[in-house]
Amino acid sequence: MVHWRLANVTPIPKASSSSFIFDYRPISLTPILSKLFERLLAKRLSHLLESSKFLPAGQFGFRKNLGTNHALLFLTQKIQSALDLSIESRVVSLDFSAAFDRVSHSALISKLRTAGLAGSFLNISTQFLTNRMQRVSVEGNFSDFLMVRSGVPQGSVLGPLLFILYTSDMWHNIESNMIAYADDTTLFAHIDHADSRALVANQLNADLGTISDWCSMWGMLLNPNKSHSLIVSRARN
């Protein structure tokens, strides 16, 4: 499996035109045989996670019959229903810096065990994560291969599923509503009376503190410059 753990990384710009290095997404191009093998692993892992209800209901990314449209419709319906009852909503969208690249391999393997993986399946998953090497490919030119110390490969079949497993315990001890599509995460809460605004604001701040603590524990990093808040209300003041 040594050659199956090699990848050519192609930088893809997030915007149509950008010269800023952090505006590029590193997409790993892995061998075809590796993708076929990953698909078999992903099918079994997905069945295990869904049957055991290990993944939070608010995670819409990389799950069967769920997608970005479901996440958007869910959030829109909740906010619109609140507006119909003259209830105000507070929404906070969070951005994580290089989330897929920050996944700790040792921590992920520990979480795989917690999810119920054992035996040969756990060994194969561990081999998939460890001793990976990658090089950058730009216009037919290649860098030297370097060892991958952390992260799950973007562009792989198994990587996104491993990522949402890694972040599944981020939902623990969150009082507000939370939905996500992979690492795109949104907190929201309803305010049924003007006197409750301060209480809801404190609750959201407490949840942000909980998520920040989770990030510190598991090596993730919130990007405050790309995190935003929004008030949805029919109130004039």
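Here's a quick briefing on one helix pair and the nonpolar cores. The model is predicted, so local features need pLDDT of at least 70 and side-chain atom pairs count only at pLDDT 80 or more, while totals for chains, interfaces and linings use all residues. Residues are numbered from 1 along each chain as its sequence is written, and side-chain values use heavy atoms, leaving out hydrogens and water.

**H1 against H4**

- Helix H1 (residues 32-51) packs on helix H4 (residues 119-129) at about 130 degrees, with the axes 12 Å apart; helices here are DSSP runs (H or I) of at least four residues, and strands (E) of at least two.
- That angle makes H1 oblique to H4, a label for whatever is left once angles under 35 degrees (roughly parallel), over 145 (roughly antiparallel) and 65 to 115 (roughly perpendicular) are taken out.
- On the H1 side, the contact (heavy atoms within 4.5 Å) uses Phe37, Glu38, Leu41, Arg44 and Leu45, and H4 brings Phe121, Ile124 and Phe128.

**The largest core**

- The largest nonpolar core has 44 residues, and Leu45, Leu162, Ile211 and Met220 have the most contacts inside it.
- A core here is a set of buried (under 20% relative accessible area, 1.4 Å probe, protein chains only) Ala, Val, Leu, Ile, Met, Phe, Trp, Tyr and Cys residues joined through side-chain atoms within 4.5 Å.
- Helix H5 (159-166) is among the elements supplying at least two residues, and H5 gives the largest share, 6 residues.
- Leu162 touches Leu45, Leu108, Leu112, Phe128, Leu129 and Val152, leaving aside residues up to four places away in sequence.

**A separate core**

Definitions and conventions: Axes are lines fitted to C-alpha atoms, for helices over the stretch in contact, and angles run from 0 to 180 degrees between N-to-C directions. Buried means under 20% relative accessible area, exposed over 50%, partly exposed in between (1.4 Å probe, protein chains only).
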